[in-house]
Amino acid sequence: MRVAETFTSRQGEGKLTGVESFFVRTSGCNLRCWFCDTPYASWNPVGESHSIDSLVQQAVQSGCRHVVLTGGEPLLPESCVALTQQFAATGLHLTVETAGTIFRDIAYDLLSLSPKLAASVPDASDHPRWNELHERRRMPIDTMRRLIEVSKAFQVKFVVDSRDEFDEVDEVVRLLQVEPDDVWIMPQGSTNESLDAAASWLTPWAHSQGYRYCDRMQIRWYGNRRGT
Ligand SMILES: C[S@@+](CC[C@H](N)C(=O)[O-])C[C@H]1O[C@@H](n2cnc3c(N)ncnc32)[C@H](O)[C@@H]1O
Ligand SMILES: Nc1nc2[nH]cc(C(=O)O)c2c(=O)[nH]1
Ligand code: SF4
Ligand SMILES: [Mg+2]
């Protein structure tokens, strides 16, 4: 499996915020969000091939009780099925961070689903091919429903960049048939300043809809740095 990085950090997003975790970031993605904060795992994927055994061994040796499998898109390589089976055998708690465009019937403890809204599409004149592919792939509601159905627990995280996306979030929540308190609203941004600016208009709306607000704590703790 091609891996961009592994590291120990604290979970910065969602219901396990603050929990020390071992992260495995796979390299490669089937989408191309213009705002992707890990372009080294999507737009310009880096990384060597790692065996499943070595990834599981590293996770166990990290001493963390929680593992986060992220990317890139961790459900893209077929080997993610065997990797998650091996993680399950260790008894470590596994979160999978995914945009939810690919179905895999795999074992994990928490599905962290981040559906990509229309405004995530890359610019059509700069990236015509990815503009078209991204738009076609980004929102397969049935696939996301199946991922939720086979999960033990889940959270849905939306990245919001402007007020224009509010109605679309509500519509996707309706189509996914999830409860508002399973939904986390995250500001688009990778600096303290952008997070602060977004919080003032985004938090009141999130709470008015019964959604949870998700400040991206890893940016506050470490800055937008690789390996954190
Ligand atoms: C890099 S993605 C990897 C997993 C998967 N590809 C996905 O998008 O869910 C990890 C998380 O970061 C979020 N994310 C990426 N870029 C972001 C940005 N500029 N601002 C806020 N969240 C961002 C994604 O929505 C996702 O929840
Ligand atoms: N600390 C920290 N928490 C995270 N939660 C989700 C992340 C991701 O990139 O998927 C992430 C990350 O990259 N770092
Ligand atoms: S789906 Fe995730 S990894 Fe892929 S481009 Fe979007 S934010 Fe980046
Ligand atoms: Mg991240």
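This is a predicted model: local features need pLDDT of at least 70, side-chain atom pairs count only at pLDDT 80 or more; totals for chains, interfaces and linings use all residues.
Residues are numbered from 1 along each chain as its sequence is written, and chains are lettered from A and ligands numbered from 1 in the order in which they are written. Local features need pLDDT of at least 70, side-chain atom pairs count only at pLDDT 80 or more, totals for chains, interfaces and linings use all residues, and side-chain values use heavy atoms, with hydrogens and water left out.

**Cores**

A nonpolar core is a set of buried Ala, Val, Leu, Ile, Met, Phe, Trp, Tyr and Cys residues joined through side-chain atoms within 4.5 Å; buried means under 20% relative accessible area (1.4 Å probe, protein chains only). The largest such core has 47 residues, and Phe158, Val169 and Ile185 have the most contacts inside it. A separate core of 6 residues includes Cys33, Val159, Trp184 and Cys214. Contact means heavy atoms within 4.5 Å. With neighbours within four places in sequence left aside, Phe158 is in contact with Pro115, Leu117, Val169, Val172, Val173, Val183, Trp184, Ile185 and Met186.

**Ligand sites**

A residue counts as around a ligand if one of its heavy atoms lies within 4 Å of it. Ligand 1 has 22 residues around it, and Phe35, Gly72, Ser114, Lys116 and Gln188 come nearest. Around ligand 2 are Ser9, Arg10, Gln11, Gly12, Glu13, Phe23, Arg25, Thr70, Glu97, Gln218 and Thr228.

The table lists polar contacts, which are pairs of N or O atoms within 3.5 Å.

| Ligand atom | Protein atom | Distance |
|---|---|---|
| Ligand 1, oxygen | Thr98, backbone | 3.4 Å |
| Ligand 1, oxygen | Lys116, side chain | 2.9 Å |
| Ligand 1, nitrogen | Gln188, side chain | 2.8 Å |
| Ligand 2, nitrogen | Gln11, side chain | 2.5 Å |
| Ligand 2, oxygen | Arg25, side chain | 2.8 Å |
| Ligand 2, nitrogen | Thr228, backbone | 2.9 Å |

Accessible areas come from the Shrake-Rupley method with a 1.4 Å probe. Ligand 1 alone exposes 540 Å², of which the protein buries 95%. Ligand 2 has 330 Å² of accessible area on its own, and the protein covers 91% of that.

On a 1 Å grid over the protein atoms alone, a pocket is an open set of points with protein on both sides within 12 Å along at least five of seven lines. A molecule sits in a pocket if more than half of its atoms lie within 2 Å of its grid points. The space taken by ligand 1 is the largest pocket, and ligand 2 sits in the largest pocket.

Conventions. Buried means under 20% relative accessible area, exposed over 50%, partly exposed in between (1.4 Å probe, protein chains only). A polar contact is a pair of N or O atoms within 3.5 Å; within protein, one must be able to donate a hydrogen and the other to accept it, and residues adjacent in sequence count only if both atoms are side-chain atoms. On a 1 Å grid over the protein atoms alone, a cavity is a set of points where a 1.4 Å probe fits but cannot get out, and a pocket is an open set with protein on both sides within 12 Å along at least five of seven lines; lining residues have an atom within 4 Å of a point.
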